[in-house]
2 protein chains.
Amino acid sequence: MRTLYHLWLSPFCRTVRIALAEKNVEVKLQSENIWNRRDGFLALNPAGEVPVLVEVDGTAISTASVICEYLDETYSDPPLLGGNPTQRAETRRLIQWFDIKFNHEVTQNLLGEKMMKQFLGQGEPDSSAIRAGYSNFRYHLDYISYLVDRRNWLAGDDLSYADLTAAAHLSSLDYIGDVEWEKYKGVKTWYARIKSRPSFRSILSDHIPGYQPPKHYTDLDF
Amino acid sequence: MRTLYHLWLSPFCRTVRIALAEKNVEVKLQSENIWNRRDGFLALNPAGEVPVLVEVDGTAISTASVICEYLDETYSDPPLLGGNPTQRAETRRLIQWFDIKFNHEVTQNLLGEKMMKQFLGQGEPDSSAIRAGYSNFRYHLDYISYLVDRRNWLAGDDLSYADLTAAAHLSSLDYIGDVEWEKYKGVKTWYARIKSRPSFRSILSDHIPGYQPPKHYTDLDF
């Protein structure tokens, strides 16, 4: 059976889980405690990070954006990158925007400080990082608003990995109650469309012991 | 004329410059002082970062790895990603390894602290960051050694964007004299092969006023 090594709240893993579900590709989820740096796992991905997709023949593909490219090449229905080189460049630009810039400026400062640090016993959250995270988050929500005001989906007319990547980050932050949905109606409407897709169901049923999501988290009509 | 907005020592820009030269795609280089956050430039790339490639028809493609994908789709000779989905995944994994992990652990700590901070008037270099940079660099040079001991090029049999990306980062660090070539003979041999390619000439002729590279920097037989 195809296996995806993952961690529950990782937006990178969530992107891949949604992509696999959009493409109707079955996969067994295997939680990997990457901080243990298990030899067998490092052999699959020397970076020691999730997600890693292992195909039935043992082929291991790691890194969210790399797995997404691989999935579009091997399970092409539906295509999630775009129909021509310029459109694909726009999708890829936004994937990198969320996985590098948004992750560094928002996800790490909020999810990283408020949850992962405590979970990994790395000390108290850094309040200045959290403040920076909230401040950056508003700027990014403005940018998502700008995009959804002008386009059907984030990268253009069609649903793409850009939507999946952005929604994965937002869903992880929503789990800890950090998204000010009421202030960003356009973003909320776009997110509600993604959230109600069958591909999102598995994400919404995640439950991290000891951490209860807010009530609206699983509500499709929030 | 096709234009590449860039900064001289940026490894991200260097990767794209080498790729364009490998593919014999002519381009006008335009240095962009991104810290000025010029409106016209932000319209090309809202992230405000280089490289940005602007085609003759005005199409703007930003982010090094995204430009590389675009170039392989539009100027396919020679292909620099790999011949099948698994090979391309390996090339892409290594691009991300160097552009995210290596950049964060090494390039930022050395080039960022020792040169860019001073250049941008952001205060004194952080000596603990520099120490961490050197320590991480050894671990990464071990990993590059591991790869070149087992493969013809970093991602496999053929030259790929993985080599270009890694060599671009190393070349920027070599400009400030930070690569211990003599301790890593295999890496040195691999780098000498890339460095002697015609596509690398423009990189080696870069000269940053006030910062002299070490003597071996431009020497093909160093």
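Modeller: A polar contact is a pair of N or O atoms within 3.5 Å, where, within protein, one must be able to donate a hydrogen and the other to accept it, and residues adjacent in sequence count only if both atoms are side-chain atoms. Keep in mind also that this is a predicted model.

Biologist: How many residue pairs are in polar contact across the interface of domain 1 of chain A and domain 2 of chain A?

Modeller: The domain assignment of chain A places domain 1 at 3-74 and domain 2 at 85-200. With the rule above, and both residues at pLDDT 80 or more, the number of residue pairs in polar contact across the interface of these two domains is seven.

Biologist: Which helix gives the most residues to the side of domain 1 of chain A that touches domain 2 of chain A?

Modeller: Two helices of chain A, H1 (11-22) and H3 (64-74), each supply at least two residues of that side. The side divides into 10 nonpolar, three polar and five charged residues. With eight residues, the helix that gives the most is H1(A).

Biologist: What is the area buried between domain 1 of chain A and domain 2 of chain A?

Modeller: The centres of the two domains, taken over C-alpha atoms, are 20 Å apart. In contact are 18 residues of domain 1 of chain A and 22 residues of domain 2 of chain A. Carbon and sulfur atoms give 67% of the buried area, which is about 1,700 Å².

Biologist: Which three residues supply more than any other three of the area that domain 1 of chain A buries against domain 2 of chain A?

Modeller: The share of these three is 34% of the area that domain 1 buries there. The residues are Leu9(A), Ile18(A) and Glu22(A).

Biologist: Which residue meets Glu69(A) in a salt bridge?

Modeller: Across the interface of domain 1 of chain A and domain 2 of chain A there are two salt bridges. The side chain of Glu69(A) takes part in a salt bridge with an N to O distance of 2.6 Å, and its partner is Arg92(A).

Biologist: Which residue of chain B also meets Arg92(A) in a salt bridge?

Modeller: Between chain B and chain A the count is six salt bridges. At 3.2 Å, N to O, the side chain of Arg92(A) meets that of Glu73(B).

Biologist: What rotation superposes chain B on chain A?

Modeller: Two copies of a chain are related by a rotation about an axis and a shift along it. Here the shift along the axis is 0.0 Å and the RMSD is 0.0 Å, with a rotation of 180°. The two copies are thus related as by a two-fold rotation axis. Of the residues of chain B, the C-alpha of Ile100(B) comes closest to that axis, at 4.0 Å, and the rotation asked for is 180°.

Biologist: Why do the copies meet through the same surface?

Modeller: Contact is made by 25 residues of chain B with 25 residues of chain A. The copies meet through the same surface because the interface residues of chain B that are also interface residues in chain A amount to 100%.

Biologist: Which element gives the most to the side of chain B that touches chain A?

Modeller: Strand E4 (60-62) and helices H3 (64-74), H4 (85-119) and H5 (127-150) of chain B each supply at least two residues of this side. Its residues divide into 11 nonpolar, seven polar and seven charged. The element that gives the most, with 10 residues, is H4(B).

Biologist: Which residue does a cis peptide bond join to Asp77(A)?

Modeller: In chain A the bond has an omega of about -5°. The peptide bond from Asp77(B) to Pro78(B) is cis too, with omega near -5°.

Conventions: Residues are numbered from 1 along each chain as its sequence is written. Chains are lettered from A and ligands numbered from 1 in the order in which they are written. This is a predicted model: local features need pLDDT of at least 70, side-chain atom pairs count only at pLDDT 80 or more; totals for chains, interfaces and linings use all residues. Side-chain values use heavy atoms; hydrogens and water are left out. Copies are superposed by least squares on the C-alpha atoms of residues with pLDDT of at least 70 in both. Contact means heavy atoms within 4.5 Å. Domain bounds come from an automatic or database domain assignment. Buried area is the accessible area (1.4 Å probe) that two parts lose on being put together, summed over both. A salt bridge is a side-chain nitrogen of Lys or Arg within 4 Å of a carboxyl oxygen of Asp or Glu. Helices (H or I, at least four residues) and strands (E, at least two) are DSSP runs, numbered from the N terminus. Ala, Val, Leu, Ile, Met, Phe, Trp, Tyr, Cys and Pro count as nonpolar, Asp, Glu, Lys and Arg as charged, and the others, Gly among them, as polar.
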